[in-house]
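Thank you all for coming; I would like to walk you through one model this morning, going from the separate chains to the place where they meet. Please have the sequence and the structure open while I talk.

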Amino acid sequence: MRTGHFKESYGELVALTDSSVTRAWVGLLVVALLLLPLVAGNYGLSLATAAMITVVGAVGLNLLTGMTGLISVGQSGFLAIGAYTNALLLADYKWPLLASLPASGIVAGVLSLLVGVPSLRLKGLYLAITTLAFAFIVNHVILYAEGLTHGPNGVFLPNASLLGIDVSRDRPLYFLVLAVTILVVLAVLNIKRTRIGRAFLAIRDHDIAARVMGVDLVRYKLLAFVISSFLVGIAGALLSLQIRFVNVDVFGLILSIEALAVIILGGLGSTAGAILGAVFLSMLPELIRIAFSTFGSTQSVTYTTYVYEIRGIAYGVVIVVFLRFKPDGLIGLWRDVRRYWTNWPLAY
Amino acid sequence: MTDLLAIEDVTKRFGGLRAVGGVSFTVKAGSITSLIGPNGAGKTTLFNLISAVLRPTSGSIRFDGHEVTRLPTYALARLGMARTFQNLAVFKHETVVDNLLVGLHTRLRTDPISAAIFLGRARREEIQARERVEEIIEFLEIEDLRDKAVGTLSYGLQKRVELGRALAIGPKLLLLDEMVSGMNQEEREDIARFVLDLRDELGLTVLMVEHDMGIVMDISDHVCVMNHGEKIAEGPPAAVSVDPHVIEAYLGSRRAA
């Protein structure tokens with residue numbers, strides 16, 4: 001157990017972490033991520049990029065569903081809006097990436113007000129259904145507004161460059177996504193330790209008490225929607241940069257389910273949990289692929305034939321197992337392990 | 001003494017049920033006023049009307065010179081009204097410190113952008129908020145519980161955190177809804193002591209709904225009695241306790257028995 005630990009100023013109380021060990025590990029992780037392109041091949045790098053994009057989206061969704069308690073199954077709609085905004089601005093309107101990337105987030109954030117308004121009256125399952133409907137509406141609008149979105153043909157992204165660097169190549173894209181991910185995680189952690197984050201948590205835990213404490217529910221629920229959708233929109237823009245071709249099929253219902261799976265698996269409400277869940281679920285298909293290939297070539301062929309079915313089953317199994325045995329998610333598992341080793345060899 | 005809170009002819013109907021009917025009374029600044037009455041008398045409904053959780057069907061409520069009858073709930077905190085709830089309404093997944101910090105919500109200014117950056121003003125503001133919260137923690141003698149999740153504390157301590165959260169608002173008027181129900185003798189005495197300290201040291205005005213007659217008689221300056229949604233008596237504790245209407249409300253009349 002940590003002892004002999006004193007705070008000498010109030011500034012230390014509001015720091016993100018007071019543990020030098022945590023600080024060292026996070027520093028090490030960032031250095032490792034910066035050095036990753038030196039050791040990983042293109043495939044490994046694109047896996048890591050996809051995982052970090054998932055982290056951005058998951059952290060955004062977690063702010064809404066985990067922190068504020070507003071269940072949204074419609075965030076895949078905002079992912080689509082972000083991806084399409086970025087793709088169209090780059091391809092059709094020749095915007096620079098430096099402008100189109102934030103614009104993707106802003107468009108998603110502004111449109112989220114449309115879903116945010118019903119959320120002022122709806123809670124729980126009712127809100128989930130409303131947001132689900134929204135995701136379908138987004139897909140249909142994209143399909144039928146051909147003049148704007150190219151409809152079913154999708155959008156090919158041109159080679160985009162940022163500050164003179166061509167980010168359509170794997171390495172620059174990796175660094176861009178890494179930078180955005182770090183900024184987003186820091187921003188959300190910061191919001192969580194101010195009155196805004198506390199207002200979100202208060203709304204989740206007891207909305208009447210939150211009102212009596214002076215929290216304007218209308219403003220803060222909408223704010224949660226806007227911030228969350230802004231981040232998800234940014235994730236969509238990054239996704240469009242990675243996949244290079246944007247099409248409605250990418251943003252199906254299964255994506256919203258996956259997104260919920262990520263934050264449940266990670267541990268609802270915890271930013272670290274959302275990160276763990278995103279990384280774990282992004283790597284899961286890869287783990288399954290490796291598992292299949294170790295059992296010989298026939299199994300490998302089975303996997304490639306049924307890759308979507310097997311992935312779907314795996315997500316389902318992971319959600320059920322976690323809800324049944326570890327509802328706190330990976331972050332809960334981590335806390336248990338840490339407590340065990342802190343007290344070891346005593347039981348508690 | 002001036003009236004901090006004035007309730008005039010307030011009525012609340014839920015469909016055909018008249019929960020509160022034409023109640024008027026005032027709370028003087030710097031006083032401890034108790035609202036008592038048998039179960040179902042409409043005390044908690046009246047509290048919800050005062051704190052704007054519910055809207056009255058008719059009547060008006062004035063607080064500190066403001067007409068607050070039609071204000072949204074969240075606006076009252078800034079005007080300086082704070083309350084606790086009969087059934088615990090703490091944010092149970094958060095720590096004691098975070099619960100108290102929510103109470104400071106209206107005193108803080110941070111906007112989303114500066115919150116995300118957390119440099120300069122946002123950080124300074126958080127540090128000041130922590131200092132303020134430490135004062136409340138010290139006042140309520142819960143120093144050792146700072147970083148515990150409130151849901152893991154005992155009932156009495158959760159109530160104390162809820163009181164602290166209301167104090168963090170920096171209120172002029174504090175509404176306490178059955179603070180001591182479910183508490184043991186020692187916890188009750190602690191709360192009674194806190195309430196007296198609040199009035200004497202911080203100059204707060206307290207309006208409380210209370211079933212514990214010992215506390216009501218000991219610490220209140222003024223008692224208001226309700227039954228069936230109507231005010232049946234008011235006055236100093238000693239006068240109210242011998243009022244025939246009050247005795248009838250609590251014990252029934254001699255003829256009925």
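What you are looking at is a predicted model, in which local features need pLDDT of at least 70 and side-chain atom pairs count only at pLDDT 80 or more, while totals for chains, interfaces and linings use all residues. Residues are numbered from 1 along each chain as its sequence is written, and chains are lettered from A, with ligands numbered from 1, in the order in which they are written.

With that in hand, take R244(A), which lies in the loop between α11 and β4 (245–246) of chain A. R244(A) counts as partly exposed because it has 14 C-beta neighbours inside 10 Å, and its phi is near 65°, a positive value in a residue other than glycine. In chain B, please look at F118(B), in the loop between α4 (112–117) and α5 (121–139). F118(B) is not a glycine, yet it has a positive phi of about 55°. Is F118(B) buried or exposed? F118(B) is buried, with 20 other C-beta atoms within 10 Å.

Chain A has 16 helices and 4 strands, where helices (H or I, at least four residues) and strands (E, at least two) are DSSP runs numbered from the N terminus. The radius of gyration of chain A is 21 Å, close to the 20 Å that the globule rule gives for 348 residues, so chain A is as compact as a globular protein of that length; the radius is taken over C-alpha atoms, and the rule is 2.2 Å times the number of residues to the power 0.38. Along its principal axes the C-alpha trace of chain A spans about 65 × 55 × 45 Å, and 42% of its 348 residues count as buried.

Chain B, for its part, has 10 helices and 10 strands. Its radius of gyration is 19 Å, close to the 18 Å from the globule rule for 257 residues, so chain B is likewise as compact as a globular protein of its length. The C-alpha trace of chain B spans about 70 × 40 × 35 Å along its principal axes, and buried residues make up 43% of the 257 residues.

Finally, the place where the chains meet. How many residues of chain A are in contact with chain B? There are 27 residues of chain A in contact with 34 residues of chain B, two residues being in contact if their C-beta atoms, placed from the backbone, lie within 7 Å. On the chain A side, the elements that give two or more residues are α1 (10–13), α8 (170–192), α9 (195–205), α10 (207–212) and α11 (217–243), and the largest share, 7 residues, comes from α9(A). By class, that side of chain A has 16 nonpolar, 5 polar and 6 charged residues, where Ala, Val, Leu, Ile, Met, Phe, Trp, Tyr, Cys and Pro count as nonpolar, Asp, Glu, Lys and Arg as charged, and the others, Gly among them, as polar.

Terms used
A residue is buried if 20 or more other C-beta atoms lie within 10 Å of its own, exposed if 12 or fewer, and partly exposed in between; C-beta atoms are placed from the backbone.
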